[in-house]
Amino acid sequence: VSTQSTGIKKLSFSHHRHRHRHRHLRMRTVRTKRFILFFPLFTFLLFVKCHVLSQPVQNVSSITGKAGHRCFQVDKLGTLCEEDKLPMKNPCFILPIKNKNQTLCAPLLSIMGLPKSGTSALRYYLSHHPHFRMPLVKENCARYEDSAEYFLISFPNTLQKYQLTVDVCMERTNPIIELYSKQIYLFRNKPDWLWSAFNYWCFPDMDLVGCNEKKSNEWVINQLHNRSPEIFHSLIEDFLKKKKEGRLGEFKPSKIRDMLIDDKWSYTKLYEKCAQKGPDNCLVLSSDELYQSPRSVIERVLKFLGVAYAYFPDSIVKVAVNTQTKKGESLISSYEEGMGKAIRPMLNMTRQWLNDIFKNDCKHFCQMSGIHLDCCV
């Protein structure tokens, strides 16, 4: 009886296992057929959905996209569409690189400027948030002639949900940044902004020696370049004289002239550009507020990005970065240096002249933005 019972159990188990194996094989065959049938279609749809060719990015116009996507018609590129975006995720794209599709991501945030207005400090503060990743180079700028591949591959490959890329680029941008990245502009009291630029940058048409366009050697070298409130006063006086005589083309340095009169540096124009993107995509900040109340400004930035707040100790936020005495995008200075106290102040008469020059631009900017700058008064 015991042997028979054992034999029946073995037979029953063997029969059950045999039937289960055949059923598993049938199911696997069905799944394989479905995979063979739908995989080419899935691949094609995925490729069409986010297709970017390695060609220059230019002349972008919005078109109607699929539900849940933002798509744009780009000359020489065809249709550029966003991938499905999860919360707190960089905008990512699929590009054919060396005959193989790769996913590359643009920065979630681009700090657009203005130079000498606290952009290095804001980047430094955000770099200590656990969710942010920074490119190795601060100003990882895209040019219109760069391909999408060349630009995007320069960023960290941050595909994970909580690894967000922050870029800083001033004076030039790229349609990918314009379309897909959120933007921040920092504004500083305009006479102080110009005074800081004069003391920081080297001007080839004024300094003659020790200047070139390479990042490591475009700064003032104290042993070679003369800077003082008196020299700056003489420059602004000469600017006003040449402007009255209609000879502004002769004024040097040309970069200072452009900062005084070019619409490219108009606070009003820059604010209008930001406002066109809407409050969900562009944020305007005061650099004075950044240094005076850094945690409050950081909280606004994180809320703007939809990122969880993190506490920043004084050792991080009560410092200045990339100042007159310590030039370099990662060099730390004292808090006071970030407020411009490392150098002698400009003369009172110079400040009055600059307030008069910038009066209309500052007034319109402050009225539109709600930000208070001393030059608005």
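Contact here means heavy atoms within 4.5 Å.

**Figure 1. The whole chain, shown as a predicted model.** The chain has 377 residues, and 45% of them count as buried. It holds 14 helices and twelve strands. Look at contacts with a separation of 6 or more: residues 24 or more positions apart account for 64% of them. The accessible surface comes to about 20,400 Å². Carbon and sulfur atoms own 54% of that surface.

**Figure 2. Histidine 129 and its contacts.** Find the loop between helix H2 (119-126) and strand S7 (132-133); histidine 129 lies there. Set aside neighbours within four places in sequence. Histidine 129 then touches Leu302, Val307, Ala308, Tyr309, Ala310 and Phe312.

**Figure 3. The burial of histidine 129.** Is histidine 129 buried or exposed? Its relative accessible area is 3%. Buried means under 20%. Histidine 129 therefore counts as buried.

**Figure 4. Lysine 277 and its surroundings.** Lysine 277 belongs to helix H9, which covers residues 267-277. Again, leave out neighbours within four places in sequence. The contacts of lysine 277 are then Glu178, Ser181, Gln183 and Cys282.

**Figure 5. Lysine 277 and two residues from elsewhere in the sequence, leucine 179 and glutamate 178.** Lysine 277 and leucine 179 are 98 residues apart in sequence. In space, their C-alpha atoms are 9.2 Å apart.

How values were computed
Residues numbered from 1 in each chain as written. Predicted model: local features only at pLDDT ≥ 70, side-chain atom pairs only at ≥ 80, totals over all residues. Heavy atoms only, no water. Helix = DSSP H or I, 4+ residues; strand = E, 2+ residues; numbered from the N terminus. Buried < 20%, exposed > 50% of the residue type's maximum accessible area, 1.4 Å probe, protein only. Areas by Shrake-Rupley, 256 points an atom, 1.4 Å probe, with all protein chains shown as cover. Polar contact = N/O pair within 3.5 Å; in protein donor to acceptor, adjacent residues only side chain to side chain.
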